[in-house]
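I opened the notebook to look up a few things in this structure. The entries follow in the order I took them.

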Amino acid sequence: MHANKRILWISFSLLMMFTLSAFAALPENEKCMNCHGQREIKSIAGNNVYIDPAKFVATTHAIVGCASCHDRVSSDHPGDGSAPTRATCGDCHGPIFDEYSKSLHGSKARCNDCHNPHDVKLPVIMSGDEINGKCAKCHDTRKTLQNHAKWLPQAELHIDSLLCITCHTGSKDYVITMSIESRQPGSKDVFKSATYEELATLSKMEDIGRLIDLNGDNLVSLEELRVFNHHLRGKNMRLWGMMTPEIVTHSYQILENRWDCSFCHASGPKAMQKSFLAFPQKKGGYTRLAVEKGAILDILYGTPDFYMLGSTRSTPLNIVGALIVIAGLSFPLGHGFFRLLTRKNRKEDDHEA
Amino acid sequence: MKHKEMVYMTPMPVRIWHWLNAFGIVTLCITGLQIRFPDYINIFGAYKAAIRLHNTAGVVVSISYMLWFIYYLVVAKSLLKLYVPTLEDLKSGILRQAYFYFLTYFVGKPNPHHSTPDSKFNPMQNAAYLVIMFILLPLVVLSGALLMYVAPLRELLLLLGGIKMLVGTHFLLACCFTAFLFVHIYLATLGHTPFAHFKPMWNGWEEETVEDTLPTKDK
């Protein structure tokens, strides 16, 4: 591969992306997808070389175009018998490639083992289940659970509420990302991320964000969350929250501070103000809406099924609790004060309680 | 004339339960404080240590509660007699006792209730213990047990209104127990000496001042 030529290609394609949007790359992609978009297509060696057009079109790789990575496809392809060249991920994603290579995971798996370049999505347009699903391809969920249960209290609950990369990379800027989960009516199955079709049926609208964002202002208020949670009752659905990083890194490592529960649990309500609601999209992937600041700290109906010990405590509830304790404390103080003032009135044997 | 008598007021199983329960509840309150406010309070070092201790104390209190219940109901057979207030208690006993605590106590009048092994509690204590032992303690034990196993008991949690409802209930109940501790310890100092009510809970025997029943030679 001629690196300079590839960089030129990428620069050109990015320029196209900003000027002519994706249309510049589309005719060329279309040419490739005419064959590779056919489910039964096989290479000369018999390998499946099918690319799901719907998934590919949603990737940023579709914008830079097929030829950016496969730049030596002859005009006789596939008749010439030679396999097209492939760029390495590091050619474009150099810093990420270096970071990953140096990490604990670098020698265990290649980029392609986790990311299919024809179906790659940014973390913010993926559900938590999808991201963890990539890890589960190699790391058996049952064994993962058993290993974590050796030291982590309520391991199942933690694994349900966290991305693996939250603890196992140096990712940062954590937020709570909520999504709607569903299960079959009458079943005791685990909840799974609700599909676009399910939510479209429920909302009877194409823009399923309006299911919660009732006024369509692209911000989910606490009141809208409450209404939605009320609406969910008896529908075998729930609003589930996961702690997700905004800045994702590939620095896979065992971080010492993650053994300490206070890393998350002592972050305090101030760190728990920012949250989002993720909705599945018709063409795959997710889009997210910002949620009113502090909504997940609401006592009951903001997120009835999501609670992070120590961090998502509610201030109004703390005030009620403090008043109860103060009431209990005021009795000995008040009574004791008058008891002291009137101590001469009591003979030793006559006043026992 | 009056004389002192020693009365065996508190049987050993009840004393063991009481101190086990007291130690457990104090531990639960302190560890609970760290669990809820870890960014401000760190008494037991690691957060996990506070949670483990909280869970262990919760199990100890739950088991001791069951033993207490079985002892009074089956062995001593005095559960209802001791803990359920009579109609008279509800009509006037509670008011009379409150009148004593908040007024006549300060002018030196005697306590209208006299404790005996069969009637240990005054009407106010009766009503308070009824609520605490039969409503608040079972609720805090149950909510705590559910919170220890959130994932396996998810269905039950959803039926009860979700985890936040449960956490909120557990927290407010814990605040009630903390408030109760202050009142309970203070009231225990209102005997004829400040430690008069602590002793029977330690060795079982309470010193009573009673009127002589035998006629004197002068009469």
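**Ground rules.** I am reading a predicted model, where local features need pLDDT of at least 70, side-chain atom pairs count only at pLDDT 80 or more, and totals for chains, interfaces and linings use all residues. Residues are numbered from 1 along each chain as its sequence is written, chains are lettered from A and ligands numbered from 1 in the order written, and side-chain values use heavy atoms, leaving out hydrogens and water.

**Confidence.** The model scores ipTM 0.89 and pTM 0.83. Among the elements of chain B, strand β2 (residues 205-211) has the lowest mean, 71. Helix α7 (residues 163-187) of chain B has the highest, 94.

**Chain A overall.** I find 16 helices and 6 strands. These are DSSP runs numbered from the N terminus: helices are H or I with at least four residues, strands E with at least two. Of the 353 residues in chain A, 39% are buried. Buried means under 20% relative accessible area, exposed over 50%, partly exposed in between (1.4 Å probe, protein chains only).

**Strand β5(A).** How many of the residues in β5(A) are buried? I get 6 of 6 for this strand, residues 275-280. In a regular strand the side chains alternate between the two faces of the sheet. Here Ser275(A), Leu277(A) and Phe279(A) are buried on one side, and Phe276(A), Ala278(A) and Pro280(A) on the other. Strands pair if DSSP finds at least two bridges between them. β1(A) (residues 172-182) runs parallel to β5(A), joined by 4 bridges. Ser179(A) stands opposite Ala278(A). β6(A) (residues 286-291) runs antiparallel to β5(A), with 6 bridges. Leu289(A) in β6(A) is the bridge partner of Leu277(A). The β5(A)-β6(A) hairpin has 5 residues between its strands, and Gly284(A) in the turn has a positive phi of about 95 degrees.

**His148(A).** This residue is in helix α10 (residues 141-149) of chain A. Which residues does His148(A) contact beyond four places in sequence? I list Ala155(A), Ile159(A) and His168(A), with contact meaning heavy atoms within 4.5 Å. The His148(A) side chain also reaches the backbone oxygen of Thr144(A) at 2.7 Å.

Most residues other than glycine have a negative phi, and most peptide bonds are trans. A cis peptide bond joins His77(A) and Pro78(A), with omega about 10 degrees. Gln154(A) has a positive phi of about 50 degrees. Gln154(A) counts as partly exposed because its relative accessibility is 26%. Asp173(A), in strand β1(A), has a positive phi of about 60 degrees. At 47% relative accessibility, Asp173(A) also counts as partly exposed.

Conventions:
Polar contact = N/O pair within 3.5 Å; in protein donor to acceptor, adjacent residues only side chain to side chain. pLDDT = per-residue confidence, 0-100.
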